[in-house]
Amino acid sequence: MASEIIVAPTRISEQRAHDCALDAYIFGYPLVLADVTRQIFTNTTLSGEVAAPINHFAHMRAFPDDTTTFVTRASADALQTSAFLDLSKEPMVLSVPEMRRRYYFMEMLDAWTNVFACLGTRTTGSSAAAYAIVGPCSLDTLPDGVSMIQAPTNLVWLIGRIQTTGSLEDYATVHAFQDGFQITPLSAWGRPFAPPENVSVPVRSVSLKTSAAEQVASLEASAYFKRLCALMKDNPLTPQDGDAAKSLAAIGIVPGHPFDIKALGPTLSAAIERGFAAGHAKLLAEAKKTRGRVINGWEFTKNLGRYGTDYLHRATTAVTRPGASLTEDTLCARACKDADGTPLDGDNRYQIHFAKGQLPPVSAYWSISMYDSNQSLVRNPINRFAIIGDREKVRFNDDGSLTLYIQTTCPEKQWESNWLPAPKDAFRLAMRLYWPKQDALDGNWKPPQIQRFPAAAAEVA
(Lines give C-alpha, C1' and ligand atoms only; values in the text may rest on other atoms or scores of the structure.)
Protein backbone atom coordinates (compact mmCIF):
# COMPACT_ATOMS: atom_id res chain seq x y z
CA MET A 1 0.00 0.00 0.00
CA ALA A 2 1.23 3.48 -0.89
CA SER A 3 0.69 4.75 2.64
CA GLU A 4 3.15 2.16 3.94
CA ILE A 5 5.98 3.02 1.57
CA ILE A 6 9.04 4.55 3.20
CA VAL A 7 10.30 7.31 0.95
CA ALA A 8 14.08 7.12 1.04
CA PRO A 9 16.07 10.23 0.18
CA THR A 10 18.54 10.30 -2.65
CA ARG A 11 22.19 10.05 -1.65
CA ILE A 12 23.13 13.33 0.01
CA SER A 13 25.97 14.58 2.15
CA GLU A 14 25.83 14.92 5.91
CA GLN A 15 25.90 18.71 5.59
CA ARG A 16 23.02 18.65 3.11
CA ALA A 17 21.00 16.41 5.42
CA HIS A 18 21.74 18.74 8.34
CA ASP A 19 20.69 21.83 6.38
CA CYS A 20 17.52 20.22 5.05
CA ALA A 21 16.51 19.13 8.57
CA LEU A 22 17.11 22.65 9.88
CA ASP A 23 14.96 24.15 7.13
CA ALA A 24 12.32 21.45 7.59
CA TYR A 25 12.00 22.32 11.28
CA ILE A 26 11.42 26.00 10.49
CA PHE A 27 9.14 25.27 7.55
CA GLY A 28 6.95 22.77 9.36
CA TYR A 29 6.80 24.44 12.77
CA PRO A 30 3.54 26.40 12.24
CA LEU A 31 1.74 23.28 10.97
CA VAL A 32 2.88 21.11 13.88
CA LEU A 33 2.13 23.85 16.40
CA ALA A 34 -1.35 24.44 14.93
CA ASP A 35 -2.13 20.73 15.20
CA VAL A 36 -0.96 20.54 18.82
CA THR A 37 -2.98 23.69 19.57
CA ARG A 38 -6.01 22.08 17.94
CA GLN A 39 -5.49 18.96 20.01
CA ILE A 40 -5.33 20.94 23.25
CA PHE A 41 -8.35 23.15 22.64
CA THR A 42 -10.66 20.47 21.20
CA ASN A 43 -9.85 17.78 23.76
CA THR A 44 -13.12 18.27 25.62
CA THR A 45 -16.67 16.96 25.59
CA LEU A 46 -18.34 20.33 26.18
CA SER A 47 -18.04 23.82 24.74
CA GLY A 48 -16.61 26.32 27.21
CA GLU A 49 -14.93 29.70 27.27
CA VAL A 50 -11.57 28.42 26.02
CA ALA A 51 -12.01 24.91 24.66
CA ALA A 52 -14.68 23.20 22.59
CA PRO A 53 -14.99 20.01 20.54
CA ILE A 54 -13.98 20.16 16.89
CA ASN A 55 -16.48 22.14 14.77
CA HIS A 56 -17.87 23.85 17.90
CA PHE A 57 -17.40 27.41 19.14
CA ALA A 58 -15.74 28.37 22.41
CA HIS A 59 -16.94 31.76 23.65
CA MET A 60 -14.91 33.81 26.11
CA ARG A 61 -17.55 35.51 28.28
CA ALA A 62 -15.35 38.06 30.09
CA PHE A 63 -12.03 39.79 29.67
CA PRO A 64 -9.01 37.67 30.66
CA ASP A 65 -7.17 38.59 33.84
CA ASP A 66 -4.05 37.63 35.77
CA THR A 67 -5.37 34.10 36.30
CA THR A 68 -5.42 33.48 32.54
CA THR A 69 -2.67 31.00 31.72
CA PHE A 70 -3.85 29.31 28.52
CA VAL A 71 -2.29 31.94 26.26
CA THR A 72 0.58 34.41 26.48
CA ARG A 73 -0.03 38.13 25.98
CA ALA A 74 -3.80 37.66 26.32
CA SER A 75 -5.84 40.54 24.89
CA ALA A 76 -7.80 42.16 27.71
CA ASP A 77 -9.69 44.45 25.35
CA ALA A 78 -12.22 42.27 23.46
CA LEU A 79 -14.24 39.09 23.90
CA GLN A 80 -12.92 36.21 21.84
CA THR A 81 -14.90 33.57 20.00
CA SER A 82 -12.95 30.71 18.43
CA ALA A 83 -13.28 27.29 16.85
CA PHE A 84 -11.25 24.64 15.08
CA LEU A 85 -12.82 23.17 11.94
CA ASP A 86 -12.18 19.80 10.34
CA LEU A 87 -13.15 20.04 6.66
CA SER A 88 -11.82 16.62 5.64
CA LYS A 89 -15.30 15.02 5.55
CA GLU A 90 -17.40 17.94 4.33
CA PRO A 91 -17.59 21.74 4.30
CA MET A 92 -18.87 23.65 7.32
CA VAL A 93 -21.31 26.54 7.10
CA LEU A 94 -20.54 29.51 9.33
CA SER A 95 -23.60 31.60 10.21
CA VAL A 96 -22.89 35.19 11.23
CA PRO A 97 -25.62 37.14 13.08
CA GLU A 98 -26.66 40.72 12.46
CA MET A 99 -24.02 42.68 14.39
CA ARG A 100 -25.68 46.10 14.14
CA ARG A 101 -23.12 48.78 15.03
CA ARG A 102 -20.92 46.43 17.03
CA TYR A 103 -17.31 46.25 15.82
CA TYR A 104 -16.03 42.71 15.29
CA PHE A 105 -13.87 40.60 13.06
CA MET A 106 -13.42 36.89 12.55
CA GLU A 107 -10.29 35.70 10.83
CA MET A 108 -9.74 32.29 9.30
CA LEU A 109 -6.30 30.74 9.56
CA ASP A 110 -5.23 27.71 7.60
CA ALA A 111 -3.14 24.94 9.12
CA TRP A 112 0.06 26.82 8.24
CA THR A 113 -1.23 29.90 10.19
CA ASN A 114 -1.79 32.01 7.08
CA VAL A 115 -4.92 34.18 7.27
CA PHE A 116 -6.87 33.31 4.10
CA ALA A 117 -10.12 35.16 4.86
CA CYS A 118 -11.51 37.72 7.29
CA LEU A 119 -15.12 38.55 8.03
CA GLY A 120 -16.18 41.59 9.99
CA THR A 121 -16.97 45.26 10.15
CA ARG A 122 -13.97 46.25 8.04
CA THR A 123 -14.43 43.70 5.26
CA THR A 124 -17.99 42.38 5.06
CA GLY A 125 -20.01 44.83 7.15
CA SER A 126 -22.48 44.01 9.89
CA SER A 127 -25.27 42.13 8.09
CA ALA A 128 -26.20 38.54 8.87
CA ALA A 129 -24.75 36.06 6.39
CA ALA A 130 -23.83 32.43 5.82
CA TYR A 131 -20.51 31.15 4.46
CA ALA A 132 -19.61 27.62 3.40
CA ILE A 133 -15.98 27.03 4.33
CA VAL A 134 -14.69 24.47 1.85
CA GLY A 135 -11.42 22.59 2.14
CA PRO A 136 -8.91 21.92 -0.66
CA CYS A 137 -11.47 19.80 -2.56
CA SER A 138 -13.68 21.37 -5.24
CA LEU A 139 -17.38 22.14 -4.77
CA ASP A 140 -19.69 22.94 -7.66
CA THR A 141 -22.91 24.10 -6.05
CA LEU A 142 -24.09 25.68 -2.81
CA PRO A 143 -27.52 26.32 -1.31
CA ASP A 144 -29.11 29.68 -2.04
CA GLY A 145 -27.94 32.42 0.30
CA VAL A 146 -24.67 30.70 1.16
CA SER A 147 -21.38 32.15 -0.08
CA MET A 148 -18.26 30.05 -0.48
CA ILE A 149 -14.88 30.58 1.16
CA GLN A 150 -12.18 28.25 -0.13
CA ALA A 151 -9.78 27.08 2.56
CA PRO A 152 -6.29 25.93 1.50
CA THR A 153 -6.22 23.21 4.19
CA ASN A 154 -8.67 20.88 5.92
CA LEU A 155 -7.71 22.24 9.35
CA VAL A 156 -9.02 25.77 9.88
CA TRP A 157 -8.80 27.96 12.98
CA LEU A 158 -11.49 30.61 13.42
CA ILE A 159 -10.58 33.46 15.76
CA GLY A 160 -13.09 36.25 16.30
CA ARG A 161 -13.02 39.32 18.52
CA ILE A 162 -15.99 41.47 19.50
CA GLN A 163 -15.75 44.95 21.00
CA THR A 164 -17.28 45.46 24.45
CA THR A 165 -17.21 48.06 27.19
CA GLY A 166 -16.70 45.38 29.83
CA SER A 167 -19.84 46.25 31.81
CA LEU A 168 -22.18 43.44 32.84
CA GLU A 169 -24.94 44.94 30.69
CA ASP A 170 -22.71 45.09 27.63
CA TYR A 171 -21.34 41.63 28.30
CA ALA A 172 -24.92 40.31 28.07
CA THR A 173 -25.35 42.02 24.70
CA VAL A 174 -22.11 40.58 23.36
CA HIS A 175 -22.96 37.11 24.67
CA ALA A 176 -26.09 37.20 22.50
CA PHE A 177 -23.94 38.10 19.50
CA GLN A 178 -21.54 35.26 20.30
CA ASP A 179 -24.40 32.77 20.56
CA GLY A 180 -25.54 33.90 17.11
CA PHE A 181 -22.40 32.45 15.52
CA GLN A 182 -23.18 28.91 14.44
CA ILE A 183 -21.28 26.09 12.71
CA THR A 184 -23.37 23.63 10.68
CA PRO A 185 -22.22 20.76 8.45
CA LEU A 186 -23.18 21.53 4.86
CA SER A 187 -25.18 18.29 4.69
CA ALA A 188 -27.39 19.54 7.53
CA TRP A 189 -27.85 23.08 6.20
CA GLY A 190 -31.44 24.16 5.66
CA ARG A 191 -32.97 21.88 8.26
CA PRO A 192 -33.06 21.91 12.06
CA PHE A 193 -29.63 21.12 13.43
CA ALA A 194 -28.26 20.99 16.94
CA PRO A 195 -24.56 20.37 17.59
CA PRO A 196 -24.11 16.87 19.02
CA GLU A 197 -23.75 16.62 22.77
CA ASN A 198 -21.45 14.35 24.79
CA VAL A 199 -18.75 14.39 22.14
CA SER A 200 -16.04 11.87 22.94
CA VAL A 201 -12.62 13.11 24.01
CA PRO A 202 -10.28 12.27 21.12
CA VAL A 203 -6.92 12.07 22.94
CA ARG A 204 -7.14 11.52 26.67
CA SER A 205 -3.37 11.62 27.14
CA VAL A 206 -2.89 15.16 25.81
CA SER A 207 -1.68 17.70 28.37
CA LEU A 208 -4.09 20.57 28.94
CA LYS A 209 -1.71 22.43 31.26
CA THR A 210 1.38 22.54 29.07
CA SER A 211 1.39 25.11 26.27
CA ALA A 212 1.41 24.02 22.65
CA ALA A 213 4.86 25.58 22.15
CA GLU A 214 6.27 23.61 25.10
CA GLN A 215 4.75 20.40 23.80
CA VAL A 216 6.23 20.92 20.35
CA ALA A 217 9.61 21.76 21.90
CA SER A 218 9.56 18.39 23.70
CA LEU A 219 9.20 16.39 20.45
CA GLU A 220 12.20 14.49 19.14
CA ALA A 221 13.18 14.76 15.49
CA SER A 222 11.59 11.46 14.49
CA ALA A 223 8.22 12.23 16.09
CA TYR A 224 8.25 15.80 14.77
CA PHE A 225 8.91 14.82 11.16
CA LYS A 226 6.48 11.87 11.31
CA ARG A 227 3.77 14.26 12.42
CA LEU A 228 4.71 16.75 9.72
CA CYS A 229 4.44 14.07 7.00
CA ALA A 230 1.01 12.98 8.24
CA LEU A 231 -0.33 16.53 8.53
CA MET A 232 0.81 17.58 5.06
CA LYS A 233 -1.54 15.00 3.49
CA ASP A 234 -4.71 16.92 4.44
CA ASN A 235 -3.01 20.30 4.65
CA PRO A 236 -1.11 20.55 1.37
CA LEU A 237 1.75 22.76 0.37
CA THR A 238 1.14 25.55 -2.13
CA PRO A 239 2.74 25.88 -5.59
CA GLN A 240 5.08 28.54 -4.21
CA ASP A 241 6.45 25.93 -1.76
CA GLY A 242 8.08 23.95 -4.57
CA ASP A 243 11.67 24.53 -3.46
CA ALA A 244 10.76 23.71 0.13
CA ALA A 245 9.07 20.48 -1.01
CA LYS A 246 12.29 19.38 -2.76
CA SER A 247 14.33 20.11 0.36
CA LEU A 248 11.88 18.12 2.49
CA ALA A 249 11.89 15.18 0.11
CA ALA A 250 15.69 15.10 0.15
CA ILE A 251 15.54 13.68 3.68
CA GLY A 252 12.41 11.59 3.21
CA ILE A 253 9.75 14.08 4.36
CA VAL A 254 6.89 13.57 1.89
CA PRO A 255 3.17 14.31 2.44
CA GLY A 256 1.22 11.25 3.55
CA HIS A 257 4.22 8.91 3.71
CA PRO A 258 5.70 7.59 6.97
CA PHE A 259 9.01 9.01 8.05
CA ASP A 260 11.55 6.55 9.43
CA ILE A 261 14.74 8.21 10.58
CA LYS A 262 16.42 4.86 11.30
CA ALA A 263 16.00 3.79 7.68
CA LEU A 264 18.33 6.61 6.67
CA GLY A 265 21.31 4.99 8.33
CA PRO A 266 23.30 6.15 11.37
CA THR A 267 25.31 8.85 9.58
CA LEU A 268 22.41 10.68 7.97
CA SER A 269 20.20 10.10 11.02
CA ALA A 270 22.76 11.81 13.23
CA ALA A 271 23.05 14.70 10.76
CA ILE A 272 19.26 15.12 10.72
CA GLU A 273 19.15 15.07 14.52
CA ARG A 274 21.74 17.85 14.60
CA GLY A 275 19.92 19.86 11.97
CA PHE A 276 16.64 19.46 13.86
CA ALA A 277 18.28 20.78 17.06
CA ALA A 278 19.85 23.65 15.12
CA GLY A 279 16.45 24.55 13.67
CA HIS A 280 14.92 24.70 17.13
CA ALA A 281 17.76 26.88 18.41
CA LYS A 282 17.51 29.18 15.40
CA LEU A 283 13.78 29.64 15.90
CA LEU A 284 14.18 30.55 19.57
CA ALA A 285 17.00 32.98 18.78
CA GLU A 286 15.09 34.65 15.95
CA ALA A 287 11.97 34.96 18.10
CA LYS A 288 13.89 37.24 20.47
CA LYS A 289 15.01 39.60 17.72
CA THR A 290 13.31 42.75 16.53
CA ARG A 291 11.55 41.81 13.30
CA GLY A 292 9.61 45.02 12.62
CA ARG A 293 10.11 48.76 12.65
CA VAL A 294 10.84 50.54 15.94
CA ILE A 295 9.31 53.98 16.49
CA ASN A 296 10.03 55.86 19.73
CA GLY A 297 10.84 52.59 21.49
CA TRP A 298 7.69 50.79 20.26
CA GLU A 299 8.36 47.77 18.07
CA PHE A 300 5.69 47.36 15.42
CA THR A 301 5.40 43.89 14.00
CA LYS A 302 5.75 43.63 10.26
CA ASN A 303 2.95 42.24 8.13
CA LEU A 304 1.26 39.29 9.80
CA GLY A 305 -1.03 36.62 8.44
CA ARG A 306 0.43 36.66 4.92
CA TYR A 307 3.91 35.18 4.86
CA GLY A 308 4.47 33.87 1.34
CA THR A 309 7.80 32.04 1.37
CA ASP A 310 9.16 33.91 4.41
CA TYR A 311 9.02 30.72 6.45
CA LEU A 312 11.18 32.07 9.27
CA HIS A 313 8.81 35.00 9.83
CA ARG A 314 5.87 32.61 9.75
CA ALA A 315 7.51 30.33 12.32
CA THR A 316 8.64 33.10 14.68
CA THR A 317 5.14 34.59 14.59
CA ALA A 318 3.66 31.18 15.38
CA VAL A 319 5.87 30.71 18.44
CA THR A 320 5.49 34.28 19.76
CA ARG A 321 1.98 35.23 18.61
CA PRO A 322 -0.02 32.10 17.78
CA GLY A 323 -3.19 32.98 15.89
CA ALA A 324 -1.90 36.42 14.90
CA SER A 325 -4.37 38.68 13.09
CA LEU A 326 -3.86 40.58 9.88
CA THR A 327 -2.16 43.90 10.47
CA GLU A 328 -5.14 45.64 8.87
CA ASP A 329 -7.30 44.33 11.72
CA THR A 330 -4.88 44.58 14.63
CA LEU A 331 -1.69 46.60 14.47
CA CYS A 332 0.31 45.65 17.53
CA ALA A 333 3.36 47.34 19.02
CA ARG A 334 5.27 46.24 22.08
CA ALA A 335 7.69 48.07 24.33
CA CYS A 336 10.09 46.78 26.97
CA LYS A 337 12.34 49.86 27.29
CA ASP A 338 11.81 53.52 28.12
CA ALA A 339 12.87 56.59 26.14
CA ASP A 340 16.46 56.20 27.37
CA GLY A 341 16.67 52.56 26.32
CA THR A 342 16.47 51.29 29.91
CA PRO A 343 14.30 48.19 30.54
CA LEU A 344 10.90 48.96 32.04
CA ASP A 345 10.78 48.18 35.75
CA GLY A 346 8.32 48.76 38.58
CA ASP A 347 10.98 50.57 40.61
CA ASN A 348 10.28 53.57 38.38
CA ARG A 349 7.27 55.61 37.33
CA TYR A 350 6.47 56.22 33.68
CA GLN A 351 4.23 58.47 31.62
CA ILE A 352 2.91 58.13 28.10
CA HIS A 353 1.82 61.55 26.85
CA PHE A 354 -0.34 61.88 23.74
CA ALA A 355 -0.37 65.43 22.42
CA LYS A 356 -3.72 66.84 21.31
CA GLY A 357 -4.77 65.21 18.07
CA GLN A 358 -2.10 62.49 18.35
CA LEU A 359 -4.10 59.59 19.79
CA PRO A 360 -3.67 56.32 17.89
CA PRO A 361 -5.41 56.69 14.49
CA VAL A 362 -8.02 53.95 14.34
CA SER A 363 -11.42 53.31 12.79
CA ALA A 364 -12.40 51.12 15.76
CA TYR A 365 -10.47 51.51 19.04
CA TRP A 366 -7.06 51.17 20.68
CA SER A 367 -5.63 49.82 23.93
CA ILE A 368 -2.44 49.54 25.97
CA SER A 369 -2.00 46.35 28.02
CA MET A 370 0.40 45.50 30.84
CA TYR A 371 2.36 42.21 30.99
CA ASP A 372 4.97 40.81 33.33
CA SER A 373 8.25 39.29 32.19
CA ASN A 374 6.43 36.01 31.45
CA GLN A 375 4.00 37.87 29.16
CA SER A 376 1.12 37.31 31.57
CA LEU A 377 -1.39 39.93 32.67
CA VAL A 378 -0.42 41.61 35.95
CA ARG A 379 -2.39 41.25 39.16
CA ASN A 380 -3.26 44.67 40.60
CA PRO A 381 -5.54 46.27 43.23
CA ILE A 382 -8.03 47.80 40.75
CA ASN A 383 -8.22 44.81 38.35
CA ARG A 384 -7.21 46.93 35.39
CA PHE A 385 -5.18 44.99 32.87
CA ALA A 386 -5.44 47.39 29.97
CA ILE A 387 -6.43 50.97 29.26
CA ILE A 388 -8.86 50.86 26.37
CA GLY A 389 -9.29 54.05 24.40
CA ASP A 390 -13.03 53.78 23.81
CA ARG A 391 -13.97 52.17 27.14
CA GLU A 392 -12.09 53.97 29.89
CA LYS A 393 -13.28 57.34 31.12
CA VAL A 394 -9.80 58.75 30.94
CA ARG A 395 -9.21 62.32 31.99
CA PHE A 396 -7.74 64.65 29.41
CA ASN A 397 -5.48 67.57 30.26
CA ASP A 398 -6.73 71.14 29.88
CA ASP A 399 -4.97 71.49 26.52
CA GLY A 400 -6.68 68.40 25.11
CA SER A 401 -3.68 66.11 25.52
CA LEU A 402 -3.78 62.77 27.34
CA THR A 403 -1.26 61.48 29.90
CA LEU A 404 -1.24 57.85 31.02
CA TYR A 405 0.53 56.84 34.24
CA ILE A 406 2.41 53.52 34.29
CA GLN A 407 3.55 52.67 37.84
CA THR A 408 3.03 50.33 40.76
CA THR A 409 1.07 52.74 42.95
CA CYS A 410 -1.84 55.02 42.24
CA PRO A 411 -0.98 58.58 41.13
CA GLU A 412 -2.98 61.49 42.53
CA LYS A 413 -6.60 60.43 42.97
CA GLN A 414 -7.94 62.56 40.14
CA TRP A 415 -5.66 60.70 37.72
CA GLU A 416 -6.60 57.15 38.76
CA SER A 417 -8.64 56.73 35.57
CA ASN A 418 -5.38 57.18 33.62
CA TRP A 419 -3.41 54.66 35.69
CA LEU A 420 -2.21 51.33 34.31
CA PRO A 421 -0.82 49.41 37.31
CA ALA A 422 2.64 47.88 36.90
CA PRO A 423 4.29 45.00 38.79
CA LYS A 424 7.17 45.61 41.18
CA ASP A 425 9.73 44.18 38.78
CA ALA A 426 10.30 43.99 35.02
CA PHE A 427 7.35 44.42 32.69
CA ARG A 428 6.46 45.18 29.09
CA LEU A 429 3.60 46.95 27.33
CA ALA A 430 1.57 46.15 24.23
CA MET A 431 -0.32 48.76 22.23
CA ARG A 432 -3.05 47.46 19.92
CA LEU A 433 -4.75 49.49 17.22
CA TYR A 434 -7.96 47.86 16.00
CA TRP A 435 -8.76 48.68 12.37
CA PRO A 436 -5.79 51.05 12.17
CA LYS A 437 -5.89 53.92 9.71
CA GLN A 438 -3.40 54.21 6.88
CA ASP A 439 -1.14 56.65 8.76
CA ALA A 440 -0.52 53.95 11.36
CA LEU A 441 -0.03 51.20 8.79
CA ASP A 442 2.43 53.33 6.81
CA GLY A 443 4.41 54.29 9.91
CA ASN A 444 3.62 58.00 9.51
CA TRP A 445 1.93 58.15 12.93
CA LYS A 446 4.45 58.01 15.74
CA PRO A 447 3.48 56.81 19.24
CA PRO A 448 4.86 58.83 22.16
CA GLN A 449 7.93 57.70 24.03
CA ILE A 450 7.68 56.13 27.48
CA GLN A 451 9.19 58.70 29.83
CA ARG A 452 10.73 57.56 33.13
CA PHE A 453 10.43 59.48 36.41
CA PRO A 454 11.92 58.67 39.84
CA ALA A 455 9.73 56.75 42.26
CA ALA A 456 7.83 58.97 44.68
CA ALA A 457 7.41 57.92 48.30
CA ALA A 458 4.42 60.22 48.71
CA GLU A 459 2.30 58.29 46.22
CA VAL A 460 -0.95 56.86 47.48
CA ALA A 461 -0.77 53.10 47.94
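Colleague: What should I know before reading any values?
Modeller: It is a predicted model, where local features need pLDDT of at least 70, side-chain atom pairs count only at pLDDT 80 or more, and totals for chains, interfaces and linings use all residues. Residues are numbered from 1 along each chain as its sequence is written, and side-chain values use heavy atoms, with hydrogens and water left out.

Colleague: OK, strands. What is the strand order in the open sheet of 5 strands?
Modeller: The order is β1-β2-β8-β4-β5, with antiparallel pairing. Strands here are DSSP runs of E, at least two residues, and helices are runs of H or I, at least four residues, both numbered from the N terminus. Two strands pair if DSSP finds at least two bridges between them.

Colleague: And which strands stand at the edges?
Modeller: β1 (58-59) and β5 (115-120), each with a single partner strand, so one side of each has no neighbour in the sheet.

Colleague: How many bridges join β4 to β8?
Modeller: 6 bridges, between residues 104-109 of β4 and residues 155-162 of β8, which run antiparallel. Tyr 104 stands opposite Ile 162 in β8.

Colleague: Which helix lies across β1, β2 and β8?
Modeller: Helix α2 (residues 168-180), running at about 15 degrees to β2 (79-86). The axes are lines fitted to C-alpha atoms, for helices over the stretch in contact (heavy atoms within 4.5 Å). Angles run from 0 to 180 degrees between N-to-C directions.

Colleague: Switching to β12. Why is β12 largely enclosed?
Modeller: 5 of the 6 residues of β12 (residues 330-335) are buried, so the rest of the structure largely encloses that strand. Buried means under 20% relative accessible area, exposed over 50%, and partly exposed in between, with a 1.4 Å probe and protein chains only.

Colleague: Which strands does β12 pair with?
Modeller: β11 (residues 298-300) pairs with β12 in the antiparallel sense over 2 bridges, and Glu 299 has Arg 334 of β12 as its bridge partner. With β18 (residues 427-436), β12 pairs in the antiparallel sense over 6 bridges; there Leu 331 has Leu 433 as its bridge partner.

Colleague: Now helix α5. Which residues are buried there?
Modeller: Ala 244, Ser 247 and Leu 248, in a helix spanning residues 242-249. They cover an arc of only 100 degrees around the axis, which puts them on the same side of α5. That arc is taken from the directions from the helix axis to the C-beta atoms.

Colleague: What covers them, and what is on the other face?
Modeller: The cover includes α1 (14-41), α4 (221-234) and α7 (311-320). The face turned away from the buried side carries the exposed residues Asp 243 and Lys 246.

Colleague: How many aromatic pairs are there?
Modeller: There are 20. Rings of Phe, Tyr and Trp (its six-membered ring) pair if their centres lie within 6.5 Å; planes under 30 degrees apart count as stacked, over 60 as edge-to-face and the rest as tilted. Phe 27 and Tyr 311 have ring centres 4.7 Å apart and planes at 80 degrees, so their pair is edge-to-face. Phe 27 lies in helix α1 and Tyr 311 in helix α7, so the pair ties together parts 284 residues apart in sequence.

Colleague: Are those two buried or exposed?
Modeller: Phe 27 counts as buried at 3% relative accessibility, and Tyr 311 counts as buried at 16%.
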